[in-house]
Amino acid sequence: MSRAISNKNVLAAQFETADFDGPFLASFGRPELRGVWIVWGGSGSGKTTFTLQLCKYLAGFRRVAYDSLEQGLSLSLQKAWERVEMAEAGSNIVLLNKEQLPELRERLDKRRSPEIIIIDSLQYLDGFNKRSFQKLKNDYQDKLFVFICHDKNGNPDGKLATFIRYDAEIKIKVEGFKAFVTTRYEDPANGEGGADFIIWEQGAADYWAGQI
């Protein structure tokens with residue numbers, strides 16, 4: 001049986017947060033780099049570019065593994081990799097070429113395994129369900145899992161994606177080259193968290209001008 005935590009100890013608990021700055025601070029706040037985040041958006045929305053921008057930024061704090069289940073190592077991914085100048089992340093990021101759950105778990109069991117895992121996309125993770133999601137999260141409580149998923153009518157596509165959205169500490173909807181961020185680390189008094197993240201200024205300006 002787990003031990004109950006006193007009111008005093010709850011209030012006194014200390015947590016390690018990432019010292020985000022600039023647009024990432026304004027959108028995300030100062031998050032813990034563990035648990036679950038989710039990103040969803042339609043084709044052509046800027047989701048891949050945003051995901052790689054996020055990978056690059058997170059690689060400044062922890063080792064990142066980007067599991068490209070949908071594209072894998074391809075010319076289009078290479079070009080997107082170059083657009084965000086991923087070379088600047090150095091050895092703190094690796095690409096996993098369509099690595100499914102058994103191989104991914106084997107990797108995560110090793111010493112000095114990546115601390116942040118981007119799974120792109122959830123819909124391509126074979127046999128993954130609510131139970132295996134909860135087990136993955138519980139088995140690797142010190143790691144951050146960022147699930148990228150498809151969009152259906154403005155929401156994550158599928159029951160599992162919907163379940164993960166409710167569970168996630170940070171939820172990010174990508175549309176028209178903007179990322180709309182809902183974060184549990186928001187601090188409105190200091191202007192930290194909750195601001196829209198601009199993925200591509202010209203693309204966002206053109207898209208949203210057409211929505212008026």
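Let's start with Phe-28. Setting aside neighbours within four places in sequence, Phe-28 is in contact with Phe-20, Trp-37, Phe-50, Leu-54, Ile-170, Ile-172, Val-181, Thr-183, Tyr-185 and Gly-193. Contact here means heavy atoms within 4.5 Å.

A word on the source. This is a predicted model, where local features need pLDDT of at least 70, side-chain atom pairs count only at pLDDT 80 or more, and totals for chains, interfaces and linings use all residues. Residues are numbered from 1 along each chain as its sequence is written, and side-chain values use heavy atoms, with hydrogens and water left out.

Now the cores. A nonpolar core is a set of buried Ala, Val, Leu, Ile, Met, Phe, Trp, Tyr and Cys residues joined through side-chain atoms within 4.5 Å. Buried means under 20% relative accessible area, exposed over 50%, partly exposed in between, with a 1.4 Å probe and protein chains only. The largest nonpolar core has 36 residues. Phe-28 is among those with the most contacts inside it, along with Phe-20, Trp-37, Phe-50, Leu-58, Ile-118 and Ile-172. Helix H3 gives the most to this core, with 6 residues. A second, separate core has 24 residues, including Val-36, Leu-96, Leu-101 and Leu-160.

Next, the sheet. Helices (H or I, at least four residues) and strands (E, at least two) are DSSP runs, numbered from the N terminus. Two strands pair if DSSP finds at least two bridges between them. The open sheet has 8 strands, in the order E3-E2-E4-E5-E1-E8-E9-E10, with mixed pairing. Its edge strands are E3 (93-97) and E10, each pairing on one side only.

Take the E3 end. E2, residues 64-68, pairs with E3 in the parallel sense over 5 bridges. Asp-67 has Leu-96 as its bridge partner in E3.

At the other end, E8 (170-175) and E9 (178-183) are antiparallel, with 6 bridges. Ile-172 stands opposite Val-181. The two strands form a hairpin with 2 residues between them, and Gly-176 in the turn has a positive phi of about 55°. E9 then joins E10 (197-198) through 2 antiparallel bridges. There, Ala-179 is partnered with Phe-197.

Last, Val-36. Where does Val-36 sit? In strand E1. Val-36 is buried, with a relative accessible area of 0%. Beyond its close sequence neighbours, within four places, its contacts include Phe-133, Leu-144, Phe-147 and Ile-164. Val-36 and Arg-165 are 129 residues apart in sequence, yet 8.9 Å apart in space, C-alpha to C-alpha.
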